[in-house]
Amino acid sequence: MLVELRPTERLRKGNGKALVQSVLGSILHAVGDETLDLEKLRIVCDWVQYKNSFREPVEIRPILNGSSVELRLEIGVDLRRATGEQHDINVEMARALARRDVSDRHYLEPWSRTTASLIWSFNALYWKALGLWEAVTGRPYEQALPGGESDARNAAGARDSITRLFATWDGLAERRALPDQLHVLEIGVGNGNQARVWLDTFLEIDRETGRDYYRRLHYLMGDYSPHLLDVARAQVRHHEDHTSTIVLDATKPSNTLGFLKYKTFFVYISNVYDNLPTDEIARIDGHLFQVETRAFLPAGPAAAIAEDIGASPEDLPDLVARLLRLGPELLAETEPRRFPGAHAAVRFWMKVWEALGLEERYVALPPLDEYQFAPGISGEVLRPLMEANGDLRMHVSNGAAASFVDTLPLLHPHGVLECHDIFVTSLAGYGTGFRGPGKYEGSVVNWVNGNVLAALGGRRGFDVTFRSFAFRAGSNITTMTAEVRE
Amino acid sequence: MTETLLPTTVVGSYSVPEWLERAKSDFHEGRISRTSLNEIYDTAIKAALKDQEVAGIDIVSDGELRRDNDIDYFLERIPGIELPRLAKVHYYDYFDAAVRAPLPCADDLPGLGLVRDFQFTREWTDRPIKFSFAGPFSLAKRIRNEGYAQSEDLVLDIARYLNHEARELAAAGAALLQIDEPFLAGYPEAVPLAVKAVNLVVEGVDVEWALHICYGNRHARPAWEGHYDFLFPAIMDAHVDQLVLEFARKGYDDVVLFKKYRPSFKLGLGVIDVKSETVETAEQVAARVDRALAVVDPAQIVVNPDCGLRYLPEHVALAKLRAMNAGAAAVRARVRGEPVPQFR
């Protein structure tokens, strides 16, 4: 048997030792009564820091070979919830073991790699129908961020990036190599605060230095959400001659922005990558596995949600599929008896989302060159990471990788990509903390694998560096910078 | 070199397959031997030659497949250049190179070993060969100069080394040598110095000389933007037979410089965009050649890609060369008044 305790730093504080002893004792007691092969057992203890996540306090994850034969069994425990007022580890353990024989969960999809899970359809729906979601909650989405605001509001950070940009432009101007139009791109504009702060600061510095770069500046704001683009446009109305907005899919920006190829001097991306689809892969006993998931609703919440709308739990998979396909407004139109308006459909959506869980299993990963990592990117890029770091389970950040690689060609030879996000910058970080998925309001969040992006950038001639966000103490945010090497 | 009108050739590098990249990286990390790597190179070069022959290219190259990048292969062979760290994370990274004292005299030292590379290529193809190497200006740009009071002197000393090597290449049967200056476009004020150095390289070497100047192709990205007018009129003094330029990606406006200045050298006309995986059609290639024919005599044009094909997948590189050959053949036939082959 192998026991992996991930949140070691947290467990050193407080009653960590007692907690671990209590939880492990309960688990060993429970499995001792079962016909489980203890030699094949792995117990993995996490500390799931998210208020809402897709995990129950105890989950059992089979580790399968290609023909679905169980090689090992993993018991995953969320230490934070394992022994609280709401949960009894003994009860949770018994439930998890019982589910191995008869599951009481209502599954919404078949097993698939996580990038193909419907949680990403929920995520997309959230950004598409954000206006309705906000109308029902009565609060803007930014209030869901830790601390209640984005680091995008930070003027000191903006000043820093603009000052460096001016120095680059000064150098090019000296050599008469500065283009007439100076393009800046923001992907994922949120509510436009970043754009406003950045442009206001830009104008201020331009006036201070007398460079007259503002006249040549064009700031393009791209986002998946038309609603947010409208909000952002209003924020920068006083810069309207120098701004445009465009709806784009962050995983393939070149599809929309091909006209900016080699022309963009500064690309700013904040809290986008953590919201893009990702798979997880794992190395266990030296072999590579993919984490497969299937979304479910637990029996209790499913019954309550169904009762609320006069349906049975068996109706929920179809209703959820239609919600994701049609959106809340059209769903309400097609099911007026169950949803007397769009807001009622949104409330249904919220309840399903809150209860939604992800069951997990490990299956053998195909050869890396056959693993569909991201468009045009071979899974071989993962090999050095997986081979050099022993057994680990990590996100591969497929969506972030696709976005990053597709954004790099937009950069001018002297351009810089700057990204603020939650990054795991050392693979050891996957062995010491829970990196997602979690839920932020209606969206999915995962920490971003910085090593993968650094490897991808490196192969494309970019230096990719990480530093702690310098402008707010205690922030989890890391600043990633990519610029042409040499 | 070749009597063909509008001959087709390559700039130098050919598609580097992923497995070759991995082999190079494995070598730098000590996971495979130099002997194994050399065997891999030999096999890869034979395949690259075959691809070019199948595509119908008139003047072929070894694909520069032994070279990690456009610079290091030469710097590590020049005595007096210090490379403090030979380990690399990415094989394609440049070494950190320095010179702390004037380079020793080239005449007193063995060559750079390029003759062996040429001879291997000669052994495996009957077609005319283009053999290229980085020019003195670009090589010097990658060296931290702590040995010369004037950086110009470092450039000229490197030129003397390359001249020494070029003489040996000519003696070994090389008939077309190309000097690559990938960094020059970033330093337009340095064109007179670069030309002076090029003339030192070619001095007394009786072969056909090509000079390639592009806007950079590291990782299939341009390093600079601009127009070729920065080369003129200083480039007119270069003692070369071809000036090989990039057009397909940038457009053909700069071709008029050949009309304005009427240089004595031929135009190596870039007709294949090596930074895009979209394969050109033969019609597109023909149209691009026609743009140049409007101002340059057909006997003065050599048809080639914009730059090396290193970053393109092999099947894309091959398809682009086939299109280039077909497009050039169609224009050639039309110029000669022969039946124009149908594009497929």
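**Entry 1: helix 4 of chain B**

I looked up helix 4 (residues 114–124) of chain B and found its buried residues: B:Leu114, B:Asp117 and B:Thr121. Buried means that 20 or more other C-beta atoms lie within 10 Å of the residue's own, exposed means 12 or fewer, and partly exposed is in between, with C-beta atoms placed from the backbone. The three cover an arc of only 60° around the axis, so they sit on the same side of helix 4 of chain B. The arc is that of the directions from the helix axis to the C-beta atoms. I noted the general rule: an α-helix has 3.6 residues a turn, so residues three or four places apart point the same way.

This is a predicted model, where local features need pLDDT of at least 70 and side-chain atom pairs count only at pLDDT 80 or more, while totals for chains, interfaces and linings use all residues. Residues are numbered from 1 along each chain as its sequence is written, and chains are lettered from A and ligands numbered from 1 in the order in which they are written.

Which residues are exposed on the other side of helix 4 of chain B? I found B:Arg116 and B:Glu123 there. The buried residues of helix 4 pack against helix 2 (34–55), strand 2 (130–134) and helix 6 (151–171) of chain B. Helices (H or I, at least four residues) and strands (E, at least two) are DSSP runs, numbered from the N terminus.

**Entry 2: the sheet of chain B**

Strands pair if DSSP finds at least two bridges between them. Strand 7 (residues 266–270) and strand 8 of chain B pair in the parallel sense over four bridges. B:Leu269 stands opposite B:Val303 in strand 8 of chain B.

**Entry 3: chain A**

I counted 17 helices and 23 strands in chain A. Its C-alpha atoms fill a box of roughly 80 × 55 × 45 Å, taken along the principal axes. Buried residues make up 43% of the 486 residues in chain A.

**Entry 4: where the chains touch**

How many residues of chain A are in contact with chain B? I found ten, against twelve residues of chain B. Contact means C-beta atoms, placed from the backbone, within 7 Å.

Conventions: Two residues are in contact if their C-beta atoms, placed from the backbone, lie within 7 Å.
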